[in-house]
Amino acid sequence: MKIKTLCNINLYLCLIITFIMFFWGCATRALITIDRDYLQQLNQKPIGIIAIVPEKRIELYEPNKYRVLWIETKDNFYTFESIWDPSTILIKNFMKTFQSQFNLTTFPLQEKLEIENFQKLVRECETSFNEAREVTKATSAGSSFLKEWVFSPPHKYLMVKPSDSILSLQKTLGIDYILELSLAGIEVQRHTLISAIGVYVYGRLIRLSDGAVIWLDKGAGSERIDNFDNFSELEQNNLELLRKYYTSAIVNLFDPNKTHLNGYFLQGFHSK
């Protein structure tokens, strides 16, 4: 288990939360109108799905010391690279949602590409994503992942034309669209009264004929963790506890009946 520890003193909790809530309402949705007619166009061919995990570590966040006007926080990072791949659950639940809510047929790119080519494509996307990120630090209202998700999403990656490797899949696989999911961060917060896991995801729909990003959004899912006393519990029994609550958070991310920080993740699409 690789852990890096950082300590930082943050602004007053209530002020930060108020400021963040203002920005939660600012979101990019469909860049073109995705109505029922366009959904029919999308459904002419299956849509390829790819999920990248640019940040292969979990931020473990807890208040360290309570001051009069601020909270001093302590952040640990647990690295899960080569141990666990959270993208599988993300893709599975996304495909299920797309089929049930929008009647759109999808498939994982991993199933159609040679493993070496797929892994190369994922590494390329993850590297480009991370190069577009800004350095962030935790605040008393949440982790650095939350801060990035609210204030400084990597638009230089999300809104630009994708690489030639992505665009070439139109010819290679005979498809017209790719939907890319970016799992930008996973955090676990432990507090005296309540603990929870949070996931922060970006999604974009790419038209391969010209590389246009025609839909772009971000979503956050969470789940309360019960009877949670120590971060070390997350890695026991092959990450059993972490896998369980991560899966619940992803399910909640795609549940339109849940309360979402940024509105429902897929609200840019017209339901069938």
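This is a predicted model: local features need pLDDT of at least 70, side-chain atom pairs count only at pLDDT 80 or more; totals for chains, interfaces and linings use all residues.
**A colleague's note on the hairpin and the aromatic pairs**

1. Across the pairing, tyrosine 202 stands opposite lysine 218 in S8. Strand S8 covers residues 212-225 and is mostly covered, with ten of its 14 residues buried.

2. Now to the rings: the structure holds nine aromatic pairs. One of them joins tyrosine 38 and tyrosine 177 edge-to-face, at 6.5 Å centre to centre and with 75° between the planes. This pair links distant parts of the chain, as tyrosine 38 belongs to helix H2 (residues 36-42) and tyrosine 177 to strand S6 (residues 177-190), 139 residues apart. Tyrosine 38 is buried, with a relative accessible area of 12%, and tyrosine 177 also counts as buried, at 6%.

3. Phenylalanine 94 and phenylalanine 98 make a tilted pair, because their planes stand at 35°; the ring centres are 4.5 Å apart. Both residues lie in helix H3 (residues 87-102), four residues apart, or about one turn of the helix. Phenylalanine 94 is buried at 0% relative accessible area, and phenylalanine 98 is buried with a value of 0%. Ring pairs link Phe94 and Phe98 with Phe102 and Phe254 into a cluster.

4. Finally, have a look at two arginines. The charged end of arginine 57 sits over the ring of phenylalanine 77, 3.8 Å from its centre. Arginine 190 lies over the face of phenylalanine 231, at 5.8 Å from the ring centre.

Methods
Residues are numbered from 1 along each chain as its sequence is written. Side-chain values use heavy atoms; hydrogens and water are left out. Buried means under 20% relative accessible area, exposed over 50%, partly exposed in between (1.4 Å probe, protein chains only). Helices (H or I, at least four residues) and strands (E, at least two) are DSSP runs, numbered from the N terminus. Two strands pair if DSSP finds at least two bridges between them. Rings of Phe, Tyr and Trp (its six-membered ring) pair if their centres lie within 6.5 Å; planes under 30 degrees apart count as stacked, over 60 as edge-to-face and the rest as tilted. A charge sits over a ring if NZ of Lys or CZ of Arg is within 6 Å of the ring centre and within 35 degrees of the ring normal.
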